[in-house]
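Dear colleague,

Please find below the structure that I am handing over to you, with its sequence.

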Amino acid sequence: MSADEEMWSDEDAGLVRSYVVTGGRTRSDNYGLDMMTLVVALCTPAEATHLPEEYAKIVRLCQHPMSVAEVGGHIDLPLPVVKVLLSDLIEQNYVIFRKAAPPSEAPNKHVLQAVLDGIRKL
């Protein structure tokens, strides 16, 4: 190998793949997606066969609700890349999302106890 040639590592290939998959975009998350946000597909995998490979994979995975972190783990892409792809799918109405409720909006202990008591009476 000459001095002018560069050696590519697996890590470099991953960075290039991420760049290519997102078209060079690093931030396109207009929806505030976080790791716990749940996403679910609005179409069947057959309806997404015309999409690029990574998008179609996400649609196949999201036939049942799945967190953004789980999607990233299954398609083996960095979380920021997954968020860009999910944002694209949301904009095109292939996927919908639901953010987790903040801890401040969680039901209080008394409400949960009342629900539990009601269930026990059944």
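**Aromatic pairing**

The count of aromatic pairs comes to 1, where rings of Phe, Tyr and Trp (its six-membered ring) pair if their centres lie within 6.5 Å, and planes under 30 degrees apart count as stacked, over 60 as edge-to-face and the rest as tilted. The pair is formed by Y31 and F97, which are tilted, at 5.4 Å centre to centre and 55° between the planes. It links distant parts of the chain, 66 residues apart: Y31 lies in the loop between α1 (10-21) and β1, and F97 in strand β3. Helices (H or I, at least four residues) and strands (E, at least two) are DSSP runs, numbered from the N terminus. Y31 is partly exposed, with a relative accessible area of 26%, and F97 is partly exposed at 29%. Here buried means under 20% relative accessible area, exposed over 50%, and partly exposed in between (1.4 Å probe, protein chains only).

**Basis of the values**

This is a predicted model, in which local features need pLDDT of at least 70 and side-chain atom pairs count only at pLDDT 80 or more, while totals for chains, interfaces and linings use all residues. Residues are numbered from 1 along each chain as its sequence is written, and side-chain values use heavy atoms, with hydrogens and water left out.

**The sheet**

An open sheet is formed by 3 strands in the order β2-β1-β3, with antiparallel pairing. Its edge strands are β2 and β3, each of which pairs on one side only. Two strands are taken to pair if DSSP finds at least two bridges between them. Strand β1 (residues 38-41) is joined to strand β3 (residues 95-98) by 4 bridges, and A41 has V95 as its bridge partner in β3. Between β1 and strand β2 (residues 66-67) there are 2 bridges, and M66 in β2 is the bridge partner of V39. V39 and A41 belong to the covered face of β1, whereas L38 and V40 make up the uncovered one.

S67, in strand β2, is buried at 9% relative accessibility. Leaving aside residues up to four places away in sequence, S67 touches M35, M36, T37 and L38; contact means heavy atoms within 4.5 Å.

C43 is found in the loop between β1 and α2 (53-61) and is buried as well, at 10% relative accessibility. C43 and Y94 are 51 residues apart in sequence, yet 6.0 Å apart in space, C-alpha to C-alpha.

**A nonpolar surface patch**

V111, V115 and I119 form a nonpolar patch on the surface, with about 260 Å² of accessible area together. Patches are made of residues with over 30% relative accessible area and no salt bridge, like charges being joined within 9 Å and nonpolar side chains (Val, Leu, Ile, Met, Phe, Trp, Tyr) within 5 Å. A salt bridge is a side-chain nitrogen of Lys or Arg within 4 Å of a carboxyl oxygen of Asp or Glu. Accessible areas come from the Shrake-Rupley method with a 1.4 Å probe; for residues, only the protein chains shown count as cover. I119 is located in helix α5 (residues 109-121) and is exposed, with a relative accessible area of 53%.

Yours sincerely
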